[in-house]
Amino acid sequence: MTDSEPRSEREQTDESLRLERQHSDNALEQIAAIDATADDVINLARARADILVASARARTDQASSAQPSDALKNSRALEDRILEAERLTADQVLQRERAGHAALLSHERSVTDKDLSQERARSDSALGRRDDFMGIVSHDLLNMLNAVVGVSALIEKEVSQDNHVERVLTHARRIQRAGSRMRRLVGDLVDVASIEAGMLAVTRVESDAAEVVTEAVETFHAEGLASALSVKAEFVQPLPRAWFDPARILQVIGNLLSNAVKFTPSHGSVVVHVERVGDNLVFAVADNGEGIPLDKLSAVFERFVQLRSDQRRGGVGLGLYISKCIIEAHRGRIWAENRGGGGTTFFFALPIDGPT
């Protein structure tokens, strides 16, 4: 790599860390040099102190005509032992402090390396999921565009033939379905970008939960019939009016119903249940499909998580993440539970009261 080539963020981080550690090592070397100088000063001071003590004792002995008594010798020997012990203790304390500083630096570096390694692992995992997601989105959009182009070519051929009206209508409906899927996918991408920017639009107004749920169920009724599924709504009356964004809650229920219909076998049932629980409206979308693995009951609300690893019937893994963000923007919560008799129930709770 030349100096003119841009470096990745990871390379910049490594370089910053290397420079910081180099500065730290240089500082440690300076501290070691200071410590060595301090040791020399201490040793010199001790040596001078010993000379002064010896000189003072010698002068005392010369001033006295008699030889030092045994008691005086014992006293001096005791003083020497006490002084030596105090010096040894001071040296040990100093060594422990220096060793502690070195151990603290080593521990801090170890913690930094561990945190950096974990953060890089999370970053690599996120980047891998993002790349997989972008590949899936590109593939899906390309398939939808190919379908639109291909069906448009069929329409061009059909209009030149007799009795083509029904066939052209069928092709037009296929284009509409492909366009709807593309619009939904692009809408999800826009929502994710808004969420990441902290600008997800939620307008809470006094609304009727039964109307929103009924609209969502009617939207999926035809799809349920095509798969021999029962899709219905249940309301525990009385249901109070509540403050929420009807379009956004319709989007959430639509995401939950879409997953439920996709993962429920033929002749199964999907039920949207709504009731008041305390100061909240609790919505539940229940199916009798295979259920969700326990290790994914919470993970399904993360970005790019697929309900199935062997097939992508659940889409690109954004619907539940967006739903979670919408519910949290309403000061509510969303969660999932596996049913005892099979299948999964997705719940979300919304506060009834409006903004204070």
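Trainee: How many strands form the open sheet, and in what order do they stand?

Mentor: Strands of a sheet pair through backbone hydrogen bonds, either parallel or antiparallel. Here five strands form an open sheet in the order E2-E4-E5-E7-E6, with mixed pairing. Two strands count as paired if DSSP finds at least two bridges between them. The labels come from DSSP runs numbered from the N terminus: helices (H or I) have at least four residues, and strands (E) at least two. Please note that this is a predicted model, in which local features need pLDDT of at least 70 and side-chain atom pairs count only at pLDDT 80 or more, while totals for chains, interfaces and linings use all residues. Residues are numbered from 1 along each chain as its sequence is written, and side-chain values use heavy atoms, with hydrogens and water left out.

Trainee: Which strands stand at the edges of the sheet, and why is one side of each left without a neighbour?

Mentor: Strand E2 (230-235) and E6 stand at the edges; each has a single partner strand, so one side of each has no neighbour in the sheet. From one strand to the next, the twist averages 15 degrees. Such angles lie between N-to-C directions and run from 0 to 180 degrees; the axes are lines fitted to C-alpha atoms, for helices over the stretch in contact.

Trainee: In what sense do E2 and strand E4 run?

Mentor: E2 and E4 (residues 269-277) run parallel and are joined by six bridges. To touch, or to be in contact, is to have heavy atoms within 4.5 Å.

Trainee: In what sense do strands E6 and E7 pair, parallel or antiparallel?

Mentor: Strand E6 (residues 333-338) and strand E7 (residues 344-351) pair in the antiparallel sense, over six bridges. Trp 335 stands opposite Phe 347 in E7. The two strands form a hairpin with five residues between them, and Gly 342 in the turn has a positive phi of about 110 degrees.

Trainee: How many residues does the largest nonpolar core have?

Mentor: A nonpolar core is a set of buried Ala, Val, Leu, Ile, Met, Phe, Trp, Tyr and Cys residues joined through side-chain atoms within 4.5 Å. Buried means under 20% relative accessible area, exposed over 50%, and partly exposed in between (1.4 Å probe, protein chains only). The largest core in this model has 44 residues, and those with the most contacts inside it include Ile 249, Phe 283 and Phe 348. Helix H5 (residues 246-262) contributes the largest share, seven residues. Another core, of five residues, lies apart from it, with Val 282 and Trp 335 among its members.

Trainee: With which residues is Ile 249 in contact?

Mentor: Leaving aside neighbours within four places in sequence, Ile 249 is in contact with Val 212, Phe 244, Ile 327, His 330, Phe 348 and Leu 350.

Trainee: How many salt bridges are there?

Mentor: A salt bridge is a side-chain nitrogen of Lys or Arg within 4 Å of a carboxyl oxygen of Asp or Glu. By this rule the count is seven. One of them joins the side chains of Asp 50 and Arg 87 (3.1 Å, N to O). This pair links distant parts of the chain: Asp 50 is in helix H1 and Arg 87 in helix H2 (residues 70-158), 37 residues apart. Asp 50 counts as partly exposed because its relative accessibility is 35%, whereas Arg 87, at 14%, counts as buried. Arg 87 is also in contact with Arg 46, a residue of helix H1 (residues 9-63).

Trainee: What pLDDT does the chain average?

Mentor: pLDDT is the predictor's confidence in each residue, from 0 to 100. The chain averages 82, and 91% of the residues score at least 70. Over residues 309-314 the pLDDT is below 50; this stretch has 11 contacts in the model beyond near neighbours in sequence.
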